[in-house]
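Please read the numbered points alongside the sequence and the model.

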Amino acid sequence: MLQDAGFHFQKGKIYGLLGRNGAGKTTLFNCLSGETQIDGGHARLKDGEGERKLAEADIGYVYSLPILPEFLTGYEFIKFFLDINRDKHPDANIDAYFDRMSMSGEDRHRLIKNYSHGMKNKIQMMLFLISKPPVILLDEPLTSFDVIVAHEMKNMLREMKRDHILIFSTHILQLAADLCDEIVVLNNGRLSAVPADWLGSAEFEPSIISLLKDTSHAEDI
Amino acid sequence: MLRTFSTLFSIRTSSAVNRLIYYAQRLPLAGRAVKDTQYANLKGKKAIAVIAFLLQIVWGFVSKLAFLGLMVYLPAVVGNETLSQEDQLSLFLHIFLLLSFLVAGVASITVLETKREKYIAVKLMRMKPAAYMQASLGYRYFSYFIYYIPAMLLFASLLDVPFIQGIALAASVTLWRVFCEYLHLKLFQKTGNVLIKNTAVVWLAIGLGYAAAYAPIFLNWIPSGGKLLLLWPVTMVIAALGAIAAVRLARYADYRTAVDAAARRDDPLLDLGKMFSEANKMQVKSKDKDLDYTHSDGQTVPFNSREGYAYLHALFFARHRSLLSRPLWNRMAIIGAIGLIGVALSVTDPERASALAANWSKGMPWLIWIMNFLSIGEKACKALFYNCDLSLMRYSFYRNDADRHFRQRLYRICGLNLTLAGGMGAALTGFALTAGGVPTSELLLTWVCLVALSVFFSIHHLFLYYILQPYSTELNVKNPFFFLVNIAVSMAFVLALLLKADAAGLAIAIVTITAVYFVTAIILVKRWGPRTFRVK
């Protein structure tokens, strides 16, 4: 499905991965995160210590619909998570994380079963604040978020881009234009960058559409 | 009408042919040769359609033969050779009357049946409901009659019934069923009740009908009611009723309501796959009363002393208590019942009891099957998968710690299974002591076996869960290895029976195998767990 898909992603930027349905965006993410076996090729991470193969632990995968254990409260879940990662955060304060996400005391001790979509999303993002994976992949973020939650999420992402490589996949042009610093188009199994000066311009939408349109397909009505 | 019929026919054969292609693709080796493009191969499909149609016809004849032969003729004649042919005929007719006239008249009805084809034809393809029902009913009962003739003639001739009466029987049953269809429709018209959806009534009818059909054989009584079917006046009456019903059905004005009642878009019966997966999920969904609090500030504190996976498991098992406690209590109840029956037997019939007790060591291999049945491992794994692991397995840290949570869960499940083993041991001990004649050594070895087997099956289900990850998100098991391994374990039980192992040998074998399994499981989960423990 993906052939010679090669690209160079950098920290400090939010990348938008644009592509049509079935182009392979989720497949690419699954390959990077290790869910799917790669038939060929490699993914490498260059950090302060040099270049190495991208490991599963380096990736944080943000699902558009967070799936969390419903029988725990938010507080318990984060406590559990911190216990597991105790060696990285010996004296972490759970409440501090919740404060940063502006979750009330009542909400923290509510069962995840009764959480709204926005709250579940906050918990998910807290996991990444704690574990700080170098690469964060977001699969169709902001779909089915209400206005306020979407706004909070966008601000969170803009804040996080300093310390992480953020790549999110979407097929909503406007979102990509709004949030991203760079757009990468996945078409016919290949990745190609879109010139940065297109992003603010008026011809952004028609140019992307002509890039993505496959001439062998029947003309869309 | 003919056009409706041909459309209906096309839908049926297309579906059948597509189904054939679908399943051909799933054959192990040859399957790969069948590509998806076959669905477009109209010429080929027409040829297969003819084959499918012929197969359907053959099946029609064969199924009637099988039904009459296995369910009606066999019970009436085989094993009753001492009876005269007259009596055999009476039995045959009695069973036939009850099964095909009464039970089927209540349970096997097409006019209000929920069928996907009905939905497709009327709702999606906008066929007129009356046209659909007429074509569908007409075809069904016409072919019903044709398929019945050879079968009925065969068995009638075996029972010395004249040719013409055999045909009359076939006609009777067909027309009677048409009459029943009309009755169901009338009932629906008057009361809005779809009788076949009332599962209680249907199952009651089936249960009582079958019981009444076969009871005379056990009671050595020859019922003469069935012979009524051979009388010409009766046949005439049934024919008249059937004919009137057929005319009324053909002229029925409000088929649309009838079809609407049977083919609603969200009718669960239309999507059996979804119905089963929902049923599966209900079994393992966490019960509301366990999680019935929006604030659990107070409830967290008792667990705060624990950390990491111990913390997680403490919370999980506390909050899913009723999910696991109900199966546990059910099993204890069964064990209790067995114990009581055993003790009652030894009190009321000491001879039979001590005869059973004398064969104690021969019966010990059955412990394998008993503990397999009692083991609560599978229920626990399903509950863990659906309520806990499904969400957490996506995190790499959780997968990499597979061996840590495996061990903690193993100890908990062992605890549960040991409780059950203890109960079983107590029940068996009770029986052995009251019946007498069981050497203490054998009794002790029984306890050893029970304990070892409970540990074995605890490891077994959990290990398979971790390594094979058999559950899909729909909670049905798709992994063939899972079935194979379970069959292998069942075979071990048969093997033990065949080898006529003595008590000591059996106990040693079980303990050794369990110990080896324990060590192997721990090692393999540590090595392969991170790879295999993911959502499929």
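1. In chain B, 32% of the 536 residues count as buried, a residue being buried if 20 or more other C-beta atoms, placed from the backbone, lie within 10 Å of its own. The model is a predicted one, in which local features need pLDDT of at least 70, side-chain atom pairs count only at pLDDT 80 or more, and totals for chains, interfaces and linings use all residues. Residues are numbered from 1 along each chain as its sequence is written, and chains are lettered from A in the order in which they are written.

2. The secondary structure of chain B consists of 22 helices and zero strands; helices are DSSP runs of H or I with at least four residues, strands runs of E with at least two, numbered from the N terminus.

3. Among the contacts in chain B with a separation of 6 or more, 84% join residues 24 or more positions apart. Two residues are in contact if their C-beta atoms lie within 7 Å.

4. The largest nonpolar core has 83 residues, of which B:Cys449, B:Leu453, B:Leu462 and B:Tyr466 touch the most other members. Such a core is a set of buried Ala, Val, Leu, Ile, Met, Phe, Trp, Tyr and Cys residues joined through C-beta atoms within 7 Å. Helix 20 of chain B supplies its largest share, 16 residues. A second, separate core of 53 residues includes B:Phe92 and B:Leu169.

5. In helix 16 of chain B (residues 366–374), the buried residues include B:Leu367, B:Ile368 and B:Met371. Their cover includes helix 13 (321–348) and helix 20 (440–468) of chain B.

Methods:
Buried ≥ 20, exposed ≤ 12 C-beta atoms within 10 Å, placed from the backbone.
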